[in-house]
Amino acid sequence: MIVSSHDPVTLLGGSDHAEADLAEAMAHAPLLVAADGGGDRALLAGQRPAAVIGDMDSLSASAREILADVLHPVSEQETTDFDKALRAIAAPLVLAVGVSGGRFDHELAALTVLARHPDRPCLVIGRESLVFLCPPRLRLDTAPGTTVSIFPLVAGRVESEGLEWPTTGLDLAPDGRIGTSNRATGPVALAPEAPQMLVILPRDQLAVAVRALLAQVGVASGRWPARAG
C-alpha cells in the first residue's frame, strides 16, 4: 500500500469536476490523494495531496517539481490511473472526484474499476449522481421519494426493503431486467448475492451514502473479498 489511513480518503482524478465536489468530499475525507493529472487539479484548488499515484503521463512538469516528494509512479499501461491509485489505498472508504468527467468511455472505465476492486469501498462523485458497488449489506437512510437505482454489472439478484418496486426474487442482468429509477418509500436495505450491483443515488445524497458505507466498517459481512488474480 502507498497510502494507509484509518479514516476516509479523497481521491482526485484529472477529469473535469465541480469545485464544490472536491470541497464536499474533503469535508468527509480530509486526506487527499491524487491520481496522475489530479495532482495539477489539487494544486489549482490550493490543496497539496499526500500522494500522487499513476503513470505520470498527464501530470505537468511544474506539478512534478512541486510534488516531487510525494510522486509514486506506476509504469504499467494495462489499467487506468484511477485503478492504479485505488488499489494502492487502504482506507475504510475512498471518495473519488474527477474520475469520469462526463465522458461515457471514462465513466465506463470507472465502473469497471469499482467492479474490479470490491474489497476497496469507493464512492464516485459525479456532477448529478453518486455511484458505488453495493456491499454485502447496506442500509440507506433515504427519505420517501428519493431515487434509488440498482444496475447489475452481471446477472444476479439483490434482496431489498424500502423500495417502491421491490427487487427481491427478481433476476437482474445488464441485458435484461435492471433496477434503475426506483424510488425509496423510506430507509432502504439492500443485500446483493455477489459484488455485481451498482447503487446510483442523486448527488444530494452524499452524506447519506457516506454514513451508510462507513457503517459497514468493522462489520464482518461489510466488505467483499478481493477478487482472485
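Predicted model: local features only at pLDDT ≥ 70, side-chain atom pairs only at ≥ 80, totals over all residues.
What does threonine 10 touch, leaving aside residues up to four places away in sequence? The contacts are Leu22, Ala25, Met26, Ala29, Leu31, Leu32, Val33 and Leu95.

Now let's look at the rest of the strand. In a regular strand the side chains alternate between the two faces of the sheet. Strand S2 covers residues 9-12, and both of its faces are covered. Val9 and Leu11 are buried on one side, while Thr10 and Leu12 are buried on the other.

Which strands pair with S2? One is strand S3, residues 31-35, which runs parallel to S2 and is joined to it by four bridges. Within S3, leucine 32 is the residue opposite threonine 10. Another is strand S7, residues 94-97, also parallel to S2 and also with four bridges. There, valine 94 is the bridge partner of valine 9. And if you follow the chain from S2 through helix H1, residues 19-28, to S3, you trace a right-handed β-α-β unit.

Let's move on to the nonpolar cores. The largest has 34 residues, and the members that touch the most others are Leu123, Leu138 and Leu190. Helix H6, residues 206-214, gives the most to this core, with six residues. There is also a second, separate core of 26 residues, and Val3, Ala96, Leu133 and Leu198 are among them.

Let me go back to leucine 190 for a moment. Not counting residues up to four places away in sequence, leucine 190 touches Leu138, Ile150, Leu163 and Val199, among others. Its contacts also include Arg137, Glu159 and Ser160.

Last stop, the largest pocket. Its volume is about 570 Å³. Which of its 25 lining residues are the closest to the centre? They are Ser100, Glu107, Gly126, Ser129 and Val131. Helix H5 (104-116), strand S8 (122-125), strand S9 (129-133) and strand S14 (197-202) are the elements that each give two or more residues to this lining. H5 supplies the largest share, five residues.

Definitions and conventions: Residues numbered from 1 in each chain as written. Heavy atoms only, no water. Buried < 20%, exposed > 50% of the residue type's maximum accessible area, 1.4 Å probe, protein only. Pairing = 2+ DSSP bridges. Right-handed = clockwise from strand over helix to strand, strands pointing away. Contact = heavy atoms within 4.5 Å. Core = buried A, V, L, I, M, F, W, Y, C linked by side-chain atoms within 4.5 Å. 1 Å grid on protein atoms, 1.4 Å probe; cavity = no way out; pocket = protein on both sides within 12 Å on 5 of 7 lines; lining within 4 Å. Points joined across faces, edges and corners; volume = space filled by probe spheres on them.
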